[in-house]
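User: I want to learn how to read features off a model. Please take me through one.

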Amino acid sequence: MERSVLIGAGLFTAVRGVALPVYWVIFPLYLLSLGYKVESLGLIATVSSLVTAALLPILGYFIDSGHAPAVSTLSGAASTIAFWVPLWRPDLLGLSIAYILSDIGMSSWYPARAAIVARTAGPGAVGRVVGAYVILFNAARIVSPYAAGSMSEVVGYAEVMYVFGLASAAGFAAALAMIVRPYYRIAGPAVEVPRGEWSVCPLLPLPKKVACIYAHGIRLDKRVYPLAAFAVLDRFAWMLWMPIQNAYLKTVAGFGDSEVGLYNSLMGAAMMVASYPAGWLTDRVGAFKTLAINELIGAAGAVAITLPSHLSVYASAALFGVSIGLWAPAYDAAAARVLGVEHVGRVRSGVDTVRTVLGIPSPTAGSLLYASLGPASPFIASATLMIAATLPLLGPGKRGG
């Protein structure tokens, strides 16, 4: 049963490796083709952050109540529907809803995955297992963005989004069939009253119950402060440019659609190469030290993408890929270890909520920098913040993180 759950989570990850990178490439190009500006992506991403921040504490509560498979189902459904909404509503409202769904699909899987892995394989194996999952994600990601970019030049953006939406729906359904029932056999049935901070919440009337979930979901234990401080700076730094990155490649770097896809495929290849060593590094030297290394490599990538040559831009893809490859297992391992496996949902949802809320202005700030100081300015500001994000990790890093 444990094997089925872990294999199912691996398949879910591989499907995400097809769906999400394709979406990240095609969505901004589709938006540009409709006549919207690069700066519009910043506004849409800011609205999306508001919705995701509001949802994360509720998801953490459900995960710690034993509903990680249900949250995984939400992730798969949101990621799939995000492909189709822009085809039904190619206006600003429809595009915003689509981006929100994609963000929910991406954000909800991470705490659910951390709980699923920690409860089935044990917290000590989180780094290695998640590292293996990132390999699967990026094995799919190597091919899918370039294929989608090339297909869009032949059949159009709408057709690519429709086809990949169908493929995603089928893949997520197959993965969830391997996760849901076996997980409940291993972890036991879901409970009405989760242990720890949230134990009082279900006893309250509905309005107070929801307020209680938010209050306890966002309230951070002092032991979580270093991770939270890092996560806030990290989120703000990366979100200055992530929503506009592929549009930047097309409009500023002069890349065609297939080259934008190739860039993303190269990033995926670098993530895959780094993934298992990242899991090994996390389990050996500690999650906090690995997170600090990730941030310094990401800062180098943010500088490289602004340099005036295609070679340096492609080099940034490799640096970003290695950075994200290090981040994924280290962040999950830190969340699983800092308070213990039974509080993974609360730690992830609490930290992710705080970093998402405080990062809400970041995409808009990045768009304003882009418009007022030039296209390179969001990346340079980001590199500075990434270096600053390593500072909260120094103390925990000395203890092995």
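User: Which helix holds V51?

Analyst: Helices are DSSP runs of H or I with at least four residues, strands are E runs of at least two, and both are numbered from the N terminus. V51 sits in helix α2, residues 39–64. This is a predicted model: local features need pLDDT of at least 70, side-chain atom pairs need pLDDT 80 or more, and totals for chains, interfaces and linings use all residues. Residues are numbered from 1 along each chain as its sequence is written, and side-chain values use heavy atoms, without hydrogens and water.

User: Is V51 buried or partly exposed?

Analyst: Buried means under 20% relative accessible area, exposed means over 50%, and partly exposed lies in between (1.4 Å probe, protein chains only). V51 is partly exposed, because its relative accessible area is 33%.

User: Which residues form a nonpolar patch with V51?

Analyst: Patch members have over 30% relative accessible area and no salt bridge; nonpolar side chains (Val, Leu, Ile, Met, Phe, Trp, Tyr) are joined within 5 Å, like charges within 9 Å. A salt bridge puts a Lys or Arg side-chain nitrogen within 4 Å of an Asp or Glu carboxyl oxygen. Areas are Shrake-Rupley values with a 1.4 Å probe; for residues, only the protein chains shown count as cover. Here L43, V47, L50 and V51 form the patch, with about 310 Å² of accessible area together.

User: What does E39 touch?

Analyst: Contact means heavy atoms within 4.5 Å. E39 is also found in helix α2. Beyond residues up to four places away in sequence, E39 touches S367, Y370 and A371.

User: Which residues touch the most other members of the largest nonpolar core?

Analyst: In soluble globular proteins, nonpolar side chains tend to be buried together. A nonpolar core joins buried Ala, Val, Leu, Ile, Met, Phe, Trp, Tyr and Cys through side-chain atoms within 4.5 Å. The largest has 52 residues; F12, I116, L227, F230, L291, Y331 and V351 touch the most other members. A second, separate core of 51 residues includes I44, Y99, W241 and A247.

User: Where does T390 lie?

Analyst: T390 is in the loop between α15 (377–389) and α16 (394–398). T390 counts as buried, because its relative accessibility is 10%. Leaving out residues up to four places away in sequence, T390 touches A292, E295 and L296.

User: How many helices and strands does the chain have?

Analyst: The chain has 16 helices and 0 strands. Of its 401 residues, 59% count as buried.
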